[in-house]
Amino acid sequence: MIVTLANWKGGVGKTTLAYHIAHYLAEQGENVLAVDLDPQGSLTYTMIGKFSHGVVNFFLKERPISQCVTNISGRLSLLGGAEDTGDLRAWFQVTGRGFESLEKLRQIAPGRAWIVIDTSPSQAVNMDGKIMDPLNASALYQSDYVLCPAQPEQLSLVGLAVMVDSIAALRKAGSDVQFMGVIPTMYDIRNAEHPMHLKRLIAEYGKLVFPGVPDAIDVARSPAFGQPVWEFAASGKAAILGENIGFVKVVAEKRYDEILGLHIVGPHATELIGVGSAALAGELTVEELSRTILAHPTLHETIHEAAEGVHGMTIHI
Ligand SMILES: Nc1ncnc2c1ncn2[C@@H]1O[C@H](COP(=O)(O)OP(=O)(O)OP(=O)(O)O)[C@@H](O)[C@H]1O
Ligand SMILES: [Mg+2]
């Protein structure tokens, strides 16, 4: 399945969503390849902290895919880019071979349940079916679905309409691509315009409007720490303190559910050790620790959450 994130308008959250969707699918056990087709290379830099020539090496220099991808985690890999991805766009412009070239994505799709493509903000195809950005047009052409993030603001919604027109034009040109829907992003209830535009969006696209992503600093910050927001912001107190990096792990044995030890890593770890040692001294089972009340919002809750995680019962991760 090839899903492309696209909106003609810039800064609407395409890269941030591509990052999170790719991580989410991989966590669900899917094999995922994230592809960065934006010459700004934002998704690449976000995922690996540097740029990559993967896209050019794969599509222009025709190197094997295994030499072009970077492994991010067990199930998630990245075909990364850099500014030379712009050369690919120029090459498509000159040769008109974009649709054909990006068909290579279909060849590598088997074995990868999902390919998630991030694109640059530009108009792929105009109303008359003329290709405006051959790189984006080719990505859309070869996709199964296009998902459009859009801020509930005038220009983002114009960008969304432009994208929907592009999809229609590409379908006329022979593509099977479908509009998956729109994800409202950076929704801010304090902004009087947002509810109004959201209503417009729902009136126009109905069930194709997905639940939105609020305007939240943790959504913006988490990728820089190599984590999706649900891990980064799992502890409310850590978010309040602005010290989100760290983890708690409960090590237990299966037969009696007995706690064998805890790993506590991060700021204020020393404050948390007491709860862990009390649990060990009392020979608590994981279930007993899960039932112990640890107030909200506190960092101690992370121990509670980790204990629940032993039985796959975490709430915030
Ligand atoms: N839900 C959110 N809440 C707050 N900030 C967000 C959210 N989503 C994205 N951002 C921030 O908004 C900015 C734009 O997001 P992002 O880069 O994902 O947009 P984009 O559509 O990919 O932009 P471009 O068109 O330049 O590629 C970034 O600084 C990002 O960290
Ligand atoms: Mg982007």
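Q: Let's start with one residue: where is Pro267 found?
A: Helices (H or I, at least four residues) and strands (E, at least two) are DSSP runs, numbered from the N terminus. Pro267 sits in the loop between β10 (259-265) and α13 (269-281). Keep in mind that this is a predicted model: local features need pLDDT of at least 70, side-chain atom pairs count only at pLDDT 80 or more, and totals for chains, interfaces and linings use all residues. Residues are numbered from 1 along each chain as its sequence is written, while chains are lettered from A and ligands numbered from 1 in the order in which they are written.

Q: Why is Pro267 called partly exposed?
A: You count C-beta atoms, placed from the backbone: a residue is buried if 20 or more others lie within 10 Å of its own, exposed if 12 or fewer, and partly exposed in between. Pro267 is partly exposed because 14 other C-beta atoms lie within 10 Å.

Q: Leaving aside neighbours within four places in sequence, which residues is Pro267 in contact with?
A: A contact means that two C-beta atoms, placed from the backbone, lie within 7 Å. With those sequence neighbours set aside, Pro267 is in contact with Glu243 and Gly246. Glu103, on the other hand, is 164 residues from Pro267 in sequence and 48 Å from Pro267 in space, C-alpha to C-alpha.

Q: Now the whole chain: how many helices and strands does it have?
A: There are 15 helices and 10 strands. The chain's C-alpha atoms fill a box of roughly 75 × 50 × 30 Å, taken along the principal axes. Of the 317 residues, 44% are buried.

Q: Which domains is the chain divided into?
A: Domain bounds come from an automatic or database domain assignment. Here you get domain 1 (2-226) and domain 2 (236-310). Their centres, taken over C-alpha atoms, are separated by 38 Å.

Q: In what order do the eight strands of the open sheet come?
A: Strands of a sheet pair through backbone hydrogen bonds, either parallel or antiparallel. Two strands count as paired if DSSP finds at least two bridges between them. In this open sheet the order is β3-β4-β2-β5-β1-β6-β7-β8, with mixed pairing. β3 (69-73) and β8 (213-214) stand at the edges with a single partner strand each, so one side of each has no neighbour in the sheet.

Q: Which way do the residues of β4 point?
A: From β4 (residues 76-79), Leu76 and Leu78 point one way and Ser77 and Leu79 the other, and all are buried.

Q: Last one: which residues are closest to ligand 1?
A: A residue is near a molecule if its C-beta atom, placed from the backbone, lies within 6 Å of it. Ligand 1 is surrounded by 18 residues, the closest being Gly10, Lys14, Thr15, Thr16 and Ala220. Two or more residues of the shell come from each of α1 (14-27), β7 and α10 (217-221). The largest share, three residues, is from α1.
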